[in-house]
Amino acid sequence: MTALDIGSNAPDFTLPRDGGGTITLSGLRGNPVVLYFYPKDDTSGCTQEAIEFSGLKPQFEKLGVKVIGMSPDAVKKHDKFKTKHELKVDLVADEDKSIIGAYGLWVEKSMYGRKYMGVERTTFLIDSDGKVAKIWNKVKVPGHAAEVLDAAKALKA
């Protein structure tokens, strides 16, 4: 479970982004933001998720909604990932995992009986005032971006 609930203030951040520069969440106030957290660039689920969000980016933009992906990968890795898969969404790097932790998503995971720490795949829809409007925990990737788009449409309605 995340450390946040619907109606909570989304923890602010300023993080380096793909292509250079930074993104500051509070700097995007006035418009909704989709902030999706994913474990690792260039893995099958993370790639599919980024491709689906990229494909729907024009529809999110029509609503005035910014889509941002966040993982602990470095900016250089994001740049390669973005180029390789022709991704259109912005990717930010939280290498020290401080923001991932602030959202309650640096968790113990288990695969094939081995326990390790990792990012819980989770998406937040943040309203134009910077409050959490919707949370998708333990995301299953197929169709997820479309579901988020529907929620963004409802938020703007």
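How much space lies in the largest pocket? About 240 Å³ of space lies there, in a predicted model. Local features need pLDDT of at least 70, side-chain atom pairs count only at pLDDT 80 or more, and totals for chains, interfaces and linings use all residues. Residues are numbered from 1 along each chain as its sequence is written, and side-chain values use heavy atoms, with hydrogens and water left out.

**Largest pocket**

- A pocket is an open set of points on a 1 Å grid over the protein atoms alone, with protein on both sides within 12 Å along at least five of seven lines.
- Lining residues have an atom within 4 Å of a point; a volume is the space filled by probe spheres set on the points, which are joined across faces, edges and corners.
- The largest pocket is lined by 14 residues, and P39, K40, T43, C46 and Y116 are the closest to its centre.
- Helix 1 (44–62) and strand 7 (114–119) are the elements that give two or more residues to this lining; helices (H or I, at least four residues) and strands (E, at least two) are DSSP runs, numbered from the N terminus.
- Strand 7 gives the most, with four residues.
- The lining of the largest pocket has seven nonpolar, four polar and three charged residues, where Ala, Val, Leu, Ile, Met, Phe, Trp, Tyr, Cys and Pro count as nonpolar, Asp, Glu, Lys and Arg as charged, and the others, Gly among them, as polar.

**Cavity**

- The structure holds one cavity of 30 Å³ or more, a cavity being a set of grid points where a 1.4 Å probe fits but cannot get out.
- The largest cavity has a volume of about 50 Å³.
- Its lining consists of L25, L28, R29, N31, V33, I126, D127, S128 and G130, divided into four nonpolar, three polar and two charged residues.

**Helix 2**

- V75, H78, F81 and K82 of helix 2 (residues 75–85) are buried, that is, under 20% relative accessible area, with exposed meaning over 50% and partly exposed in between (1.4 Å probe, protein chains only).
- Seen down the axis of helix 2, these buried residues fall within an arc of 120°, so they line one face of the helix; the arc is that of the directions from the helix axis to the C-beta atoms.
- The face turned away from the buried side carries the exposed residues K76, K80, T83 and K84.
- The buried residues of helix 2 pack against strand 1 (14–16), helix 1, strand 4 (66–71) and strand 5 (90–93), contact meaning heavy atoms within 4.5 Å.
- E86 follows helix 2 and has a positive phi, near 50°.
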